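Thanks for coming. I will go through one structure today, residue by residue in places, and give each cut-off once as it comes up.

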Amino acid sequence: VGELTLLVSIYLVAVAVTQPIAGQLGDVFGTRRVMIVGLVSIIVCSILAAIAWSFPVLVVARALMGVASALSMPTALAYLRKHFAETDRLGSILGINGAIISASAAIGPVVGGLLMFAGWEYVFIVNIPISLIAIFLLVQLKPDGLSGQRKLSLSLKSFLALLVLFVSLVTIGNAISDGNGPLALLALLVLAVAVLAYWMIFQKTGEGIVNLALFSKRNYLFSSIGQGLTNFILYSLLFAVPLFLIDIRDINHQVVSLLLFTIFMGSLIMTPLGGMLADKLGWRYPIILGGLILLLGSVLFSIIFEAPLILLLVPFSMIGIGIGLTGAARSASALESWPAAVAGSAAGTYSLSRYIGSILSTAIMAAILGVSPTANSFLIFFSVLAVVAMFNFLASFAIQNRSSSSVNSVDNPTTP
């Protein structure tokens, strides 16, 4: 469990820290070019992971794979934003993109489980043909036609502060889980210092890995908050539900996988609809509706999590539907808060919020569940998810529709 936690944590930290940098690289050098570099890097890292001759080598390969993956994630969103800048169909386009991601997330665990029968190495080897196909498709696309940033706004000091921040978050959860109070307090202190240091560096230089000026736009700020909270819930469920059902209720892995599959199916079906509603009615309405359904599903699950499995399909379906309705609308709201010329920077930092939610969820889950979780500790944790869903619902009311938050307004600067 400790080794698995390390592999997961180091990947999340690497992705989180690199995504804002990847977004800036996309604005300077072109999003398509950065995506291709990322995919080539994934191939190299997958080969290294597959032939890893020791656990430390596997850890390094996993960290580098996080960096490589981060080069492709936000730049894909930025590419869509740039090439559909003059249309009112961004929500629908992002909805289709989100549906494909949901389908991949649903199929991935199944394929990964089957590949494990052949050997764990094949979990990494399968990335090679998939990445080659993606590279072939990307080469067919038009390069970016918009000029964005002329130079990278990177700061080694801010990068180190951000890295320490995320490592501290992971350490806090693991330390509490292991009953190491002194280490948890030390990590909390280091976290506070890292946050303060990053803020001071940005205030003094105006530069940083995460451009805090992006959050000056209301829609961008609350869309990022909502994205982080939603991913907190999703990531928590993907890890905590199997632990509860398998370890506490003695349900087999296949049944648990099918239950979780309903979340992805709900998201897969509703994400395109959420995007279309965003284009027709405005961002605000599908985000509020999805937030409400997600809240009701989370509350219901926290109440009936010990009920017969067939009943759990109801809250899981509601959670998937809620996530699907909000996903594309929220992304469109955030990306259209800033001009398409700096879509890479906007997408990179927005994507970071997703991984902040993931890392926070692992820390809090480790702190609440501990080494030997009980049914009562799961009750507490699932109740926490319901509270998080409530804050996500409240944040959705802060989103404004395009008419009152247009990216074409004269006071909207070219760069943050």
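In which helix is the place of Ser361? Ser361 sits in helix α13, residues 343-369. Before going further, the ground rules: this is a predicted model, where local features need pLDDT of at least 70, side-chain atom pairs count only at pLDDT 80 or more, and totals for chains, interfaces and linings use all residues. Residues are numbered from 1 along each chain as its sequence is written, and side-chain values use heavy atoms, with hydrogens and water left out.

Helices here are DSSP runs of H or I with at least four residues, strands are runs of E with at least two, and both are numbered from the N terminus. By that rule the protein has 14 helices and zero strands. Read along the sequence, the pattern is α-α-α-α-α-α-α-α-α-α-α-α-α-α.

Now the overall dimensions. The radius of gyration is taken over C-alpha atoms, and the globule rule is 2.2 Å times the number of residues to the power 0.38. For 416 residues, a compact globule would come out near 22 Å; the protein has 21 Å, which agrees. Its C-alpha atoms fill a box of roughly 60 × 50 × 45 Å along the principal axes.

On burial: buried means under 20% relative accessible area, exposed means over 50%, and partly exposed is in between, with a 1.4 Å probe and protein chains only. Of the 416 residues, 52% count as buried. Accessible areas come from the Shrake-Rupley method with a 1.4 Å probe, and for residues only the protein chains shown count as cover. The protein exposes about 18500 Å², and carbon and sulfur atoms supply 73% of that.

A contact means heavy atoms within 4.5 Å. Among contacts between residues at least 6 apart in sequence, 83% join residues at least 24 apart.

Back to Ser361. Is Ser361 buried or exposed? Ser361 has a relative accessible area of 0%, so it is buried. A polar atom of its side chain lies 2.6 Å from the backbone oxygen of Ser358. For reference, a polar contact is a pair of N or O atoms within 3.5 Å; within protein, one must be able to donate a hydrogen and the other to accept it, and residues adjacent in sequence count only if both atoms are side-chain atoms. Not counting residues up to four places away in sequence, Ser361 touches Phe232, Tyr235 and Ser236.

Tyr235 comes up again with Val8. Val8 lies in helix α1, and at 18% relative accessible area Val8 is buried. Leaving aside neighbours within four places in sequence, Val8 is in contact with Tyr235 and Phe239. Val8 and Thr362 are 354 residues apart in sequence, but 9.5 Å apart in space, C-alpha to C-alpha.

Val170 gives another such pair. Val170 is in helix α7, residues 156-177, and is buried at 10%. From Val170 to Ile364 is 194 residues in sequence and 9.2 Å in space, C-alpha to C-alpha. Outside the four places on either side in sequence, Val170 touches Ser9, Val13 and Ile359.

Next, charges. Side chains of opposite charge can pair when their charged atoms come close. A salt bridge is a side-chain nitrogen of Lys or Arg within 4 Å of a carboxyl oxygen of Asp or Glu. How many salt bridges does this rule give? The count comes to one. The salt bridge joins the side chains of Lys82 and Asp27, at 3.2 Å from N to O. This pair links distant parts of the chain, with Lys82 in helix α3 (residues 55-83) and Asp27 in helix α1 (residues 2-29), 55 residues apart. Lys82 counts as buried at 7% relative accessibility, and Asp27 counts as buried at 4%.

Val190 is in helix α8 and is partly exposed at 31%.

Last, a backbone point. Most residues other than glycine have a negative phi, and most peptide bonds are trans. Asp250 is not a glycine, yet has a positive phi of about 60°. Asp250 is in the loop between α9 (218-248) and α10 (253-281), and is exposed at 66%.
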